[in-house]
Amino acid sequence: MRKICYISGTRADFGLMKNALQAIDLDKDLDLEVVLTGMHLLKEYGNTYQEINESGLKISGRVEVELSGDSGSQMSKALGAQIIGFTKILESNKPDIVLLLGDRGEM
């Protein structure tokens, strides 16, 4: 069985990938897990992680991000924290494949 990890940061990327992720999830030879970050976990953006819960997909981790400010240094600090968070989850879960979609910092 191949383990696939999808990292999602926004409603937009999840919406584009939802059908493909559900098809992967139904395949008996694949084990799908979803890692959430970014806007999904922020109240001011609607806590959209709930949509993923409702889709029935397994959420295997969350990487919190602090989006307080728009300076280059603030973005660098946020990305550094996310890289550490992703590394811990990927090191623990050991997926065979990591899927990403997007052009935002967390991707």
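The accessible surface of the protein chain amounts to about 6300 Å², and 52% of this area belongs to carbon and sulfur atoms. The structure is a predicted model, in which local features need pLDDT of at least 70 and side-chain atom pairs count only at pLDDT 80 or more, whereas totals for chains, interfaces and linings use all residues. Residues are numbered from 1 along each chain as its sequence is written, and side-chain values use heavy atoms, with hydrogens and water left out.

The protein chain contains three helices and four strands, arranged from the N terminus in the order β-α-β-α-β-α-β. These elements are DSSP runs numbered from the N terminus, with helices (H or I) of at least four residues and strands (E) of at least two. The C-alpha trace spans about 45 × 30 × 20 Å along its principal axes. The radius of gyration of the protein chain is 14 Å, which agrees with the value near 13 Å that a compact globule of 107 residues would have. This radius is taken over C-alpha atoms, and the globule rule is 2.2 Å times the number of residues to the power 0.38.

Of the 107 residues, 36% count as buried. Among the contacts of the protein chain with a separation of 6 or more, 71% are between residues 24 or more positions apart; a contact means heavy atoms within 4.5 Å. The chain carries 12 positive and 16 negative side chains, and the centres of the two sets lie 3 Å apart. Lys and Arg count as positive and Asp and Glu as negative, while His and the chain ends are not counted. The place of a charge is taken as NZ of Lys, CZ of Arg, CG of Asp or CD of Glu.

Strand 1 (residues 2–8) pairs with strand 2 in the parallel sense over seven bridges, where pairing requires that DSSP finds at least two bridges between two strands. Within this pair, Ile4 stands opposite Leu32 in strand 2. Ile7 is also found in strand 1 and counts as buried, at 4% relative accessibility. Ile7 and Val34 are 27 residues apart in sequence, with a C-alpha to C-alpha distance of 5.9 Å. Strand 2 (residues 30–37) has six buried residues out of eight and is therefore largely enclosed by the rest of the structure.

Residues in the helices were examined next. Asp13, in helix 1 (residues 11–26), is buried, with a relative accessible area of 5%. A distance of 8.6 Å separates its C-alpha atom from that of Leu100, 87 residues away along the chain. In helix 2 (residues 49–55), Gln50 is partly exposed, with a relative accessible area of 37%. Gln50 and His40, ten residues apart in sequence, lie 8.2 Å apart from C-alpha to C-alpha. Gln82 belongs to helix 3 and is counted as buried at 2% relative accessibility. The C-alpha atoms of Gln82 and Asp25 are 25 Å apart, with 57 residues of separation along the chain.

Lys94 is located in the loop between helix 3 (72–93) and strand 4 (97–100). Lys94 is exposed, with a relative accessible area of 59%, and has a positive phi of about 50° although it is not a glycine. Most residues other than glycine have a negative phi.

Note on methods
Buried < 20%, exposed > 50% of the residue type's maximum accessible area, 1.4 Å probe, protein only. Areas by Shrake-Rupley, 256 points an atom, 1.4 Å probe, with all protein chains shown as cover.
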